[in-house]
There are 2 protein chains.
Amino acid sequence: MKNIADLMNYRESVKVIDATLRDGGLVNDFYFTDEFVRDLYMANVKAGVDYMEFGYKASKELFDVNKFGKWKFCNDDDIRKIVGDNNTDLKIAVMADVGRCDYKNDIISREDSPIDLIRVATYLNTIPGAIDMIEDAANKGYEVSCNIMAISNSQEADLRTALDMLGQSPVDVFYIVDSFGSLYPEQIERLAGIYMEFATKYNKKVGIHAHNNQQLAFANTIEAVGDGVDWLDATYSQMGRGAGNCAMETLLGFLRNPKYNIYPVIQFIEKHMVPLKKSGVVWGYDLQYLMTGLLNQHPRTAIQFTKEGREDYSEFYKEVMAHE
Amino acid sequence: MKNIADLMNYRESVKVIDATLRDGGLVNDFYFTDEFVRDLYMANVKAGVDYMEFGYKASKELFDVNKFGKWKFCNDDDIRKIVGDNNTDLKIAVMADVGRCDYKNDIISREDSPIDLIRVATYLNTIPGAIDMIEDAANKGYEVSCNIMAISNSQEADLRTALDMLGQSPVDVFYIVDSFGSLYPEQIERLAGIYMEFATKYNKKVGIHAHNNQQLAFANTIEAVGDGVDWLDATYSQMGRGAGNCAMETLLGFLRNPKYNIYPVIQFIEKHMVPLKKSGVVWGYDLQYLMTGLLNQHPRTAIQFTKEGREDYSEFYKEVMAHE
């Protein structure tokens with residue numbers, strides 16, 4: 001039975017992170033209107049969401065600013081235009097990928113920035129790079145979390161080594177990331193056990209970022225809550241790469257802390273997410289994502305299948321099986 | 001940690017029941033083409049599915065045969081036209097609702113029927129009627145299961161009384177039914193514990209029939225497997241009333257018994273379910289179903305909202321809140 005299993009009480013330490021612009025931006029190359037972003041910010045404030053991730057701090061050397069919307073780069077000025085001085089309880093986050101961010105220049109001192117939290121994203125083989133970024137951000141005064149991606153096909157010994165290294169860094173939160181949407185709740189429980197072991201040892205928090213390939217993003221997130229995981233990523237209408245993420249609306253419906261309100265989320269979805277879907281932006285559970293999830297593969301082939309408007313699912317199944 | 005949690009082994013006693021025609025029939029008034037039904041039958045045979053539910057044995061006194069497709073009534077002759085002598089490992093099931101079935105006349109002796117399993121559906125307050133139907137079906141030679149509907153807003157003491165009464169009947173399987181799609185995995189675990197207690201006492205099996213209002217139909221089903229529940233309902237593309245059911249494709253991807261194959265399911269979905277959706281038949285997760293699920297209400301208002309093509313979700317939220 002889980003800690004939260006009585007479903008009547010709540011844990012004060014649970015935090016909800018809205019990743020709509022960041023993971024959702026991977027679907028539409030970050031082309032959100034200012035009205036969308038402003039309304040999302042206000043919806044998050046009203047809904048009691050704890051952090052709003054605006055996008056990436058991507059390197060302008062590596063990525064052409066003319067080929068992406070501004071939230072790929074998250075200039076502090078652009079954030080300021082939305083949040084002003086952000087005199088709210090909602091904190092502001094951005095993601096910075098190891099190897100794809102000029103963090104020494106592009107991330108300025110926190111006291112001069114509207115940003116509160118730097119979310120460093122790394123693979124297991126770039127942990128030293130991640131730690132350099134974590135130290136840089138911590139020295140500049142930020143809260144820092146670290147997403148270790150693609151752990152579903154890594155060795156447990158490697159993961160333990162990484163968590164031990166990160167534990168000794170100034171990072172505040174380790175994230176379980178189910179990049180391929182391939183994990184079942186039982187596996188989340190086991191992983192959470194490993195993460196919690198190091199979190200306890202080093203006094204860190206644990207987070208989860210789930211994908212919905214097997215329709216388990218929400219289920220895996222609430223499994224994790226019961227296992228002691230405190231930081232929960234979600235997106236409005238579960239907008240996110242491929243099969244998308246844990247839906248904010250299901251998550252806020254589940255959490256019992258009275259500071260959370262589902263109604264502003266419903267209003268935002270009605271006003272913005274339904275029209276966005278109708279405009280032809282495609283994400284969410286579909287058979288091709290189930291297949292790559294089941295096979296523990298990167299969703300890129302499924303995303304391509306979607307982009308091409310293909311519907312020959314059985315042919316695609318043969319193709320992905322051949323990748324094994 | 002669940003029994004099946006190593007995700008590598010399997011339990012021989014697990015059975016998969018395809019409920020596409022029956023629960024899906026509630027979406028399109030059972031108007032499936034013969035080709036659809038024949039192909040579904042063949043897909044189930046190839047996929048290793050254990051039982052295929054063809055529809056209801058509904059009373060022709062109560063329901064007008066001209067207003068529904070034939071699978072609302074499941075004449076033995078109509079089933080025979082699809083399955084012949086059914087020389088396969090797939091068994092044939094039909095559902096019979098307490099108070100809506102002329103079971104004494106319409107259910108004939110098993111030796112003269114293609115049907116193997118009678119699934120009696122009841123509310124808690126009609127258990128004596130259910131037991132009469134169970135005895136009738138058992139006397140006629142059928143396997144019998146019993147779905148107790150709408151348990152999410154019943155008292156535990158009433159549920160225990162019902163299970164104790166059913167335990168003394170010749171029923172083979174008790175079903176956990178999350179009619180409103182309102183239950184979380186932790187609640188499924190608790191309910192499964194209660195059901196298993198009576199199943200053990202009376203040497204019965206336990207099944208689960210989940211709805212997807214909170215995107216938890218699959219998660220709740222695999223939670224139940226880990227709690228000892230053996231009979232698992234699923235539908236192709238999760239077609240079913242309102243938010244639909246546990247998807248056959250996710251379930252077969254999860255189960256490790258090599259007799260199950262996902263590929264025929266993918267082929268069937270491509271050939272029949274994708275076009276069916278395109279033709280305008282609507283089911284599946286959407287905000288209105290989440291709302292009634294969260295509020296533990298019957299989905300009828302959400303189904304009406306869907307039928308009317310409404311998209312004013314926030315207005316609907318106010319309406320369902322007012323029903324509380």
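**Entry 1: a strand pair in chain B**

I started in S6(B), where Ile176(B) is the bridge partner of Ile148(B). Strand here means a DSSP run of E with at least two residues, helix a run of H or I with at least four, and both are numbered from the N terminus. Before going on, I noted that this is a predicted model, where local features need pLDDT of at least 70, side-chain atom pairs count only at pLDDT 80 or more, and totals for chains, interfaces and linings use all residues. Residues are numbered from 1 along each chain as its sequence is written, while chains are lettered from A and ligands numbered from 1 in the order in which they are written.

Back to the pair: strand S5 (residues 143-148) of chain B runs parallel to strand S6 (residues 173-177) of chain B, and four bridges join them. Two strands pair if DSSP finds at least two bridges between them. Next I looked at helix H8 (residues 217-226) of chain B, which packs on the sheet and touches S6, strand S7 (205-209) and strand S8 (231-234) of chain B. The direction of H8 makes about 170° with that of S7(B). Axes are lines fitted to C-alpha atoms, for helices over the stretch in contact, and angles run from 0 to 180 degrees between N-to-C directions. Contact means that the C-beta atoms of two residues, placed from the backbone, lie within 7 Å.

**Entry 2**

Ile17(A) stands opposite Asp233(A) in S8(A). On the other pairing I looked up, two bridges join strand S7 (residues 205-209) of chain A to S8(A), and Ile208(A) has Leu232(A) as its bridge partner. The chain gets from S7(A) to S8(A) through H8(A), in a right-handed β-α-β crossover. Right-handed means that, with the strands pointing away from the viewer, the path from the first strand over the helix to the second runs clockwise.

Which way do the residues of S8(A) point? Trp231(A) and Asp233(A) go one way, Leu232(A) and Ala234(A) the other, and all are buried. Buried means 20 or more other C-beta atoms within 10 Å of the residue's own, with C-beta atoms placed from the backbone.

**Entry 3: the core**

The largest nonpolar core has 218 residues, and Phe174(A), Ile176(A) and Ile176(B) have the most contacts inside it. Such a core is a set of buried Ala, Val, Leu, Ile, Met, Phe, Trp, Tyr and Cys residues joined through C-beta atoms within 7 Å.

Leaving aside neighbours within four places in sequence, I found Phe174(A) in contact with residues including Cys146(A), Leu166(A) and Tyr195(A). I picked Leu166(A), which sits in helix H6 (residues 156-167) of chain A. Why does Leu166(A) count as buried? Because 24 other C-beta atoms lie within 10 Å. Leu166(A) and Tyr195(A) are 29 residues apart in sequence and 11 Å apart in space, C-alpha to C-alpha.

**Entry 4: where the chains meet**

Last, I looked at the interface: 33 residues of chain A are in contact with 34 residues of chain B. On the side of chain A, H10(A) gives the most, with six residues.

Technical notes. Buried ≥ 20, exposed ≤ 12 C-beta atoms within 10 Å, placed from the backbone.
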